[in-house]
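Trainee: I have a model open on my screen and would like to learn how to read it. Could you walk me through it?

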Amino acid sequence: MPNLATWIRQKDEKWFRPIFAEHPEITVWNALDKQVPLEQIDGLLLTGGSDISPEFLRQEDVDPSLLEKGVDPERDRWEFAAVREALSRGLPIFALCKGLQVFNVALGGTLKLDIKGHNLPEQRDRDVQALRHARGAAHRFSKVNSAHHQAIERLADGCEVEAWSAHDGIIEQMYLRKYPFARAVQYHPERSSIYEPLFEDFFARLKNRSSDNC
């Protein structure tokens with residue numbers, strides 16, 4: 001059985017529960033609730049959450065007033081360690097919302113610490129934000145449910161953008177080149193069934209990785 005490592009907030013569990021229920025053969029380790037043996041994992045899911053703690057950012061003189069209250073250094077420490085472990089072993093990685101930001105920073109990128117027009121109430125659960133796509137994008141959604149106040153500033157080396165916000169060019173979807181599977185999206189695919197192909201792609205890689213190690 002493949003082991004999936006993640007950190008999911010209690011308030012977000014309701015979104016992921018039906019997704020995981022479709023794949024009972026996958027063992028989900030939520031680091032919020034218990035110790036996760038990273039050396040035993042077969043894949044990594046990075047989910048949404050509060051802003052990254054300043055100590056992990058790759059930019060100097062961070063204005064604390066730009067950050068949300070409730071940053072979680074313990075979670076950030078675990079997630080950055082988990083990214084390093086996953087990358088060192090070529091494990092499949094899927095990153096959502098804050099997860100995209102963690103992944104970009106872990107690879108050496110930087111963030112815009114406060115942006116406008118991407119955190120409106122109607123954007124949280126509805127697919128209203130239009131995207132434009134790169135020609136070779138593996139997954140295409142014309143509109144997404146993207147809600148955030150931070151975004152990628154400098155894209156990490158080795159990454160390729162697959163989609164941008166149509167109205168201001170904010171990066172909404174990217175992947176790591178020359179790597180078995182690592183995709184990151186700024187929106188919330190766990191909140192709507194239209195994004196099922198993203199999860200199915202990730203889970204297929206996770207299962208293949210597990211079977212290869214049997």
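**Sheet, helix and pockets**

Mentor: Let's begin with the sheet: 9 strands form an open sheet in the order β2-β1-β3-β4-β11-β10-β9-β6-β7, with mixed pairing. Strands here are DSSP runs of E with at least two residues, helices are runs of H or I with at least four, and both are numbered from the N terminus. Two strands pair if DSSP finds at least two bridges between them. This is a predicted model, where local features need pLDDT of at least 70, side-chain atom pairs count only at pLDDT 80 or more, and totals for chains, interfaces and linings use all residues. Residues are numbered from 1 along each chain as its sequence is written, and side-chain values use heavy atoms, with hydrogens and water left out.

Trainee: Which are the edge strands?

Mentor: β2 (27-30) and β7 (143-144), as each pairs on one side only. For a pairing, look at β1 (residues 3-6) and β3 (residues 43-46), which run parallel and share 3 bridges. Leu4 has Gly43 in β3 as its bridge partner.

Trainee: What does α3 lie across?

Mentor: Contact means heavy atoms within 4.5 Å. Axes are lines fitted to C-alpha atoms, for helices over the stretch in contact, with angles from 0 to 180 degrees between N-to-C directions. α3 lies across β3, β4 (93-96), β10 (171-176) and β11 (182-185), at about 120 degrees to β4.

Trainee: How many of the residues of α3 are buried?

Mentor: Buried means under 20% relative accessible area, exposed over 50%, and partly exposed in between (1.4 Å probe, protein chains only). In α3, 8 of its 9 residues are buried, including Leu100, Val102 and Phe103. After α3 comes Gly108, with a positive phi near 110 degrees.

Trainee: What is the volume of the largest pocket?

Mentor: On a 1 Å grid over the protein atoms alone, a pocket is an open set of points where a 1.4 Å probe fits, with protein on both sides within 12 Å along at least five of seven lines; lining residues have an atom within 4 Å of a point. Volume is the space filled by probe spheres set on the points. The largest pocket has about 370 Å³. Its lining has 22 residues, with Arg9, Gly49, Arg124, Ala147 and His188 closest to the centre. α1 (13-21), α3 (98-106) and α4 (121-125) each give two or more.

Trainee: And the second largest pocket?

Mentor: That one holds about 190 Å³ and is lined by 15 residues, among them Pro18 and Phe199. α5 gives the largest share of its lining, 4 residues.
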